[in-house]
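Q: Could you take me closely through the aromatic pairs in this model, and explain how such pairs are described?

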Amino acid sequence: MNTRAHTVRSSVAVSGTALLLAAAGLGLAPAASAAEPQPPVLAVDTAAPAEVGLAGLPVDFTTKVSNTGTTDTSSARLTYRIDGGAGLPPNAVGLEYRLDGTEWKKVPLTYAGGTFSGEMPETFPLAAGRDRTVRLRIGVPMGTPHNGDGNGGTERLKLTTLVSYGASGAATDTDDDTIEVDGLGTGLSGVPATATAGGPAVGFQATVANPTASGYENVTDTLITSKYASVQVLRSGTWETLTPVTSDAEADVYGFDVIGKDASLAAHSSTVVKVRVGYREDTPAGKTTLRSCVFVNQGSVPFRGTTFCGNEATLTVLAAGSAGGTPTPAPTAPATRTPSATPAPSATPASPSASTEAPSATSGTTSGMSGGSSRLAETGSNGTSTIAAVAGAFVLAGAGALGFVALRRRTRA
């Protein structure tokens, strides 16, 4: 019995010791776990612009990176993906950043399958519990100055921001934004229904409107009309006769630059020019057309560049000596965003006339203004220019709306 009691006491002692060791082990486990380093926890929030202008200057925006974890990082990284669809050429999109100082630096972008992607070349440290805001700007330049693309376009961009740290580059968070894309609008208002060959010039207004958040440079608004026409514009109180613009590549097309060559337009602005057109005495009686087209980044060859065209206006030329009475404005078609096709205008140089007839009064409205926000004329790889497409069957995206609402959708990885 004593032996049994000793055995029982020994068993109890061993069991107690095991329990104490186990308890000690459990007590040590959290301390060992707490000593292990935790990875940084980075979050990203991009305040993308609501809109940009097709072929316009870039628009500023910001990306905010926050370290919500307890561990510092020495190298926060930002990567961007920009999806504009298959309609954009490889040089259509530009992205720049400014991390320190005042110098804008490019984010190198690669293009594949309608998507541009690139990583900001510089990384930056970010302590736990801190955040940093990076300034950027994005644009859809559609080429380079004086070498604008004539093909392609898009109605919107999907901008995806990815944040990561270290050398692996695995994203810890993403932010998706949608940026609307619109273009310049151009149109004619107050175009009379009739004009008389050899008679006084008839007046109207030409308007170029920029409804976008982008500024524009190198803008040329060209009036395309009959070979028998002469065109004047009112500048500084004086009527100035314009010289027809021609191109060897388009021998039968003539235009008149009504706002001058390489003008600039601020964001959300417009310019209005008073124009008058006279027709030579030998102009055949019948209907003729007027149409304005805007070329952005037109180069040394006329009628080439990123192009937006307005609705066509039609007037009837009465035979010389006709008693047609006072010209009356023709109704102007409402703005439209649907594709349209137009017949080829006549195109032979006209002899400028020196008519001093005052322009007819206009209301200053721009009904009939249209532009191209999502597509441009198909100038094609066969070398056919945009202006030839205008003269034949020009297809564009219609009038640009005056404002857009950003559609922002955020996702968390």
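A: Tyr111 is partly exposed, at a relative accessible area of 29%, where buried means under 20%, exposed over 50% and partly exposed in between, using a 1.4 Å probe and protein chains only. Before going further, note that this is a predicted model, in which local features need pLDDT of at least 70 and side-chain atom pairs count only at pLDDT 80 or more, while totals for chains, interfaces and linings use all residues. Residues are numbered from 1 along each chain as its sequence is written, and side-chain values use heavy atoms, with hydrogens and water left out.

The structure holds 2 aromatic pairs; rings of Phe, Tyr and Trp (its six-membered ring) pair if their centres lie within 6.5 Å, and planes under 30 degrees apart count as stacked, over 60 as edge-to-face and the rest as tilted. Tyr111 belongs to one of these pairs, with Phe116, and because the planes of the two rings stand at 50°, with the centres 4.7 Å apart, the pair is tilted. Phe116 itself is buried, at 1% relative accessibility.

The other pair joins Phe295 and Phe303, and it too is tilted, with 6.1 Å from centre to centre and 50° between the planes. Phe295 has a relative accessible area of 0% and is buried, and Phe303 counts as buried at 1%. Phe295 is also included, along with Val245, Val253 and Cys309, in a second, separate core of 7 residues, a nonpolar core being a set of buried Ala, Val, Leu, Ile, Met, Phe, Trp, Tyr and Cys residues joined through side-chain atoms within 4.5 Å.
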